Each structure stands twice: as C-alpha cells, then as structure tokens.
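Please read it with the sequence and the structure side by side.

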Amino acid sequence: MRRRNLPPTPTPTPAWPPPPPVLAAITGCAALTGLTLAFGTWAAIPYGAAPAIASATLLLWTVACWPRSRARLARPLALAGGLSLLTTAFSAPPSAPWGSVWRLAEMAVLLMLLAVVARWAPRRQAVTAGVVAGAAVATWTLPLLPAPSVLPLAGAAAFWALPVLGAAVVGGYPRLVEHRRRRLVIETRRSQQLELARDLHDFVAHDISGIVAQAQAARFVAASDPGQALPALERIERAGLNALASMDRTVRMLHEANGNGITRPDAPDAPDVLDAPDAPDALDASEPPAALTPQEAPAPQEAPTPKAPTPKAPTPKGPPPEVTPRPEPLPGVDQLPALIERFTSAGATEARLAMPPATPGTLSRETSSTAYRMVVEALTNVRRHAPGAARVEVTLTPAVRTPATHPAPALEIEIQVVNDAGAAPATALRTRRARDGHGGRGLNALRERVQATGGTLSYGPYDGGWRVLAVFPQTRTLPQETT
C-alpha cells in the first residue's frame, strides 16, 4: 500500500512555564493580593503601593520580553503614568514620615521606563507616553506639601521635571544620533545614484545617440551604396566600445566608493604593474641563446676561473598576487579633438574646435572633466534636438575680466549651434521634446557641476540657433603667445 507524505504533527506547547508576559502579570496580581491580605482591606494598603507594584510589574515584563518589549512599551507606560496621576489626585497623603517610600520607588521605575520609551518606541506613542509619565513624575510630591500655594507647587513641579528631562535626553540622544546617521546614509546613496545617472547621461547617452545616428544613416545608404555601410558599421563599433568603456569606468568608480580596494590612478602610492617585483625580466635566462654563425663566433679566450655559485632567493609558493585593476581617469579637455572628430564623422552636422594647445595644463582635473562633460552634453543635445543643424562651433578662449573685480584667470568655452535655412530651430525641437517629457535634466545638472567648480553656465537661443556659454576658473593663465 502506498504511503502518503503527511505534514508533521505539530508538537503541543507545554502549558508550564507560562510565557514571560503572563508570568509578569501573575507576579503583579500576586503582589497586590498579598498586600490586600496583609493589611486586611484595600483602603489600608500603604500610600502609593498599588501604582508602585504596577510599575514594577511593567519593568519586569520589559526585562523578560526584551528586545520585543522595547517597541511596545509606550502604551503600558502611559497606563502606568495615568494610574500614578490618579493616585496623586485622589489618594489621601500618608501621615507617617516615610509613608511615601513606595511612590519614590515608583518614580525611579517610571524614569527608567521613560528612557527606554524615548529610545525605542515609535515617535507618536513615545511623545504621548512621555507626557503622561513625565506629568506623573513632576506632580507626585504636590500632595505632600504642608502648605500648598502657587509658588511652592510650581517649584516642586519644576524640580521634579529635571529628572524627566534627563531621562528623555538619555533615551532621545542616541535615537537622534541614529536618525542622523540613517539620514546621512540615505543622502549619500541618493548622491551616488545621481552621480551614476549623470555619468550615464553625459557619456553613455552620447555614444548611444551616435550609434543610433550611424545605424539610421547606414540603413538609408545601404540600398543605394552598399560600400558606405562598412565605414558606418566601423563607427558604430567604436561608439559601442566607448560606451562600454564609460560604463566600465563608472562601475569601477562605484566599487572604489564602496571600499573594495581599487586605487585611484593619481594616488601617490598607486601600484604599477610594470614595477611589480614578480614581473618577468626582458630576457629569460632559462632559454638557450640563438646559435651563432662562424663569422659571428667570438675569438677563443682563456677559460675563466670558476666561481662559487650565488645562492638564489627561494621562490615563493602559492598563486601570484592579484593585481588590483585601476579605473581609467575621467576624460578632460585634452580629449576634445578626438570627441569633435568622432562627432563629425558620425553624422551630417560638422563640428569645429578652436582651442589653444596649452589649454589642458591650465585647468584642474575636476574643472577639465566638467568642461569635457559640458561639450559632450551640448553635442548630444544637437543630435537629439537639432539633427539638421549645419555646424557646431566649439571655442575655448581666455575670459575677458576686469582685474580689479576678477583677478583670477578664467577660461571661456562657447558652443554655438548654427542652423541652416531648412533646419528646424533648436528651440522648437527642445520645446516639443520638453513637452513630451524628454530632456531638461542634463543642462540643469551640468549647471550645478559648473557652479561647484566656481564657474558659471548660461544657455539659450542665439542668432537663430543655440548657444552654451561657460566660464571656468584656471589654475594658471595661458602663455601670451597662445592668446
């Protein structure tokens, strides 16, 4: 007979010992019952004994159910504080000098629980429980004053409000520090995400747009002139390799930000693969030399005196150490000529560059990378928003500034998109794409980058086309002969 796979029978939970919350409730009820039997009636119980036992029971439950109880302690603490307020308002004060010792112990327990609630409970529940328990601690001595008046009552309440404030600070300060740490982590992750989005937008989107433009051109040319399709495919391949290189650089930068040990190439102690101690020599001594012809054979010499063999260092065992890959540096203005050449060869729009040769040496690395990003963003926008533009003029010249107001040198980068008579204006294309939900984020993000380097960025319609104008600070001025 075939047996069926039945689910295992659950093991019954033993009825004893009871769970911690039930055990704490039983302990508190037993203590109240014992007091009632000891003093005969409920009214004969000492002043403050009932709320003190309730607070002690709550403390016992908190310790027994830790850490689950720390987030659920606010409401029981509010009930305990309410019971304490009722005792203060309606119970007759004791006549004996030490008759309020129960209440003093109750206040100590309430302060400990208040610190726990301020640290772990939800915020709204913690505020409610803190107000009720704080009021109970601040007012518990008011019925004990011999001659109650406004000034002594206010003084006593203010004095006992200080321990309440201390308990709130003890529990609330670590909570505030944890909240700030979490917010800092969220902001850091957000900034990394924005940085990644900007890198993908600035570099990968430029190459992808070039691939799309080349693929469209090859499709129209292949039918009439198949020989022109091969150069287009080669340009598509180069653009795809550039996009992969940009993505690889971005991924490596993310790994470096996460602390995976990748060393920046500009670090002074960056390892060099060519200078590694385990790099092979140029000539391997283990290989026999090539045979010499009789004409090239050296003349016979006297046999040298044999020397003692030099001991070799022991070869380390195990796999060779791994060489940590280094991310490629971000491109700068020195790569603008290659960028302009690729842009011109990829489409119908001609791009021209006017840049003094000594310009890359006058900018910092961050400023040079930002300037390169700005040119990439402008060329990408030409492909997207003004594909019929006649040409693009990229000009890098020293900025004209007044020495009295702007003594530091600066570089002006102007990118002008020139439309012919039959091309659609760039502004109309940008407006239509912005209305469709495209574009608008690249230039705004680029403006923030330029301002972070200490420069300025402006853009807008200009002479029937579009112009982007940026001014970047320089580390040194251009030589006089280049200007």
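Among contacts in the protein chain between residues at least 6 apart in sequence, those that join residues at least 24 apart make up 74%. The model is a predicted one, and its secondary structure comes to 11 helices and 5 strands. Of the 483 residues in the protein chain, 31% count as buried.

**Nonpolar cores**

- The largest nonpolar core contains 32 residues, and the members with the most contacts inside it are Met374, Val375, Val392, Ile413 and Ile415.
- At least two residues of this core come from each of helix 8 (336–346), helix 9 (365–385), strand 2 (389–398), strand 3 (410–419), helix 11 (441–452) and strand 5 (465–473), and helix 9 gives the most, with 8 residues.
- When its neighbours within four places in sequence are left aside, Val375 is in contact with Leu336, Leu339, Val394 and Ile415.

**Helix 8 and helix 9**

- Helix 8 and helix 9 pack with their axes 11 Å apart and at an angle of about 5°; the two helices are therefore roughly parallel to each other.
- On the side of helix 8 the contact involves Leu336, Leu339, Ile340, Arg342, Phe343 and Ala346, which meet Tyr372, Val375, Val376, Leu379, Val382 and Arg383 in helix 9.
- Sorted by class, the residues of the contact between helix 8 and helix 9 divide into 10 nonpolar, 2 charged and no polar.

**Helix 2 and helix 3**

- Helix 2 and helix 3 pack at an angle of about 170°, and their axes are 9 Å apart; that angle makes helix 2 roughly antiparallel to helix 3.
- Helix 2 contributes Ala50, Pro51, Ala54, Ser55, Leu58 and Trp61 to this contact, while helix 3 contributes Pro76, Leu77, Ala80, Leu83, Ser84 and Thr87.
- The contact of helix 2 with helix 3 has 9 nonpolar and 3 polar residues, and no charged ones.

**Helix 3 and helix 4**

- Helix 3 (residues 74–90) and helix 4 (residues 101–120) have axes 11 Å apart and pack at an angle of about 150°, and because angles over 145 degrees count as roughly antiparallel, helix 3 and helix 4 are described as roughly antiparallel to each other.
- The crossing in which helix 3 passes helix 4 is left-handed.
- Ala74, Leu77, Ala80, Ser84, Thr87 and Thr88 of helix 3 make the contact with Arg103, Glu106, Met107, Leu110, Leu113, Leu114 and Val117 of helix 4.
- By class, the residues in the contact of helix 3 with helix 4 are 8 nonpolar, 3 polar and 2 charged.

**Ala49**

- Ala49 is found in helix 2, which covers residues 49–64.
- With a relative accessible area of 1%, Ala49 is buried, since buried means under 20% relative accessible area.
- Ala49 and Arg103 are 54 residues apart along the chain, and their C-alpha atoms are separated by 7.1 Å.

Note on methods: Residues are numbered from 1 along each chain as its sequence is written. This is a predicted model: local features need pLDDT of at least 70, side-chain atom pairs count only at pLDDT 80 or more; totals for chains, interfaces and linings use all residues. Side-chain values use heavy atoms; hydrogens and water are left out. A nonpolar core is a set of buried Ala, Val, Leu, Ile, Met, Phe, Trp, Tyr and Cys residues joined through side-chain atoms within 4.5 Å. Buried means under 20% relative accessible area, exposed over 50%, partly exposed in between (1.4 Å probe, protein chains only). Helices (H or I, at least four residues) and strands (E, at least two) are DSSP runs, numbered from the N terminus. Contact means heavy atoms within 4.5 Å. Axes are lines fitted to C-alpha atoms, for helices over the stretch in contact, and angles run from 0 to 180 degrees between N-to-C directions. Angles under 35 degrees count as roughly parallel, over 145 as roughly antiparallel, 65 to 115 as roughly perpendicular and the rest as oblique. Ala, Val, Leu, Ile, Met, Phe, Trp, Tyr, Cys and Pro count as nonpolar, Asp, Glu, Lys and Arg as charged, and the others, Gly among them, as polar. A crossing is left-handed if the near helix is turned anticlockwise from the far one by less than a right angle, and right-handed if clockwise.
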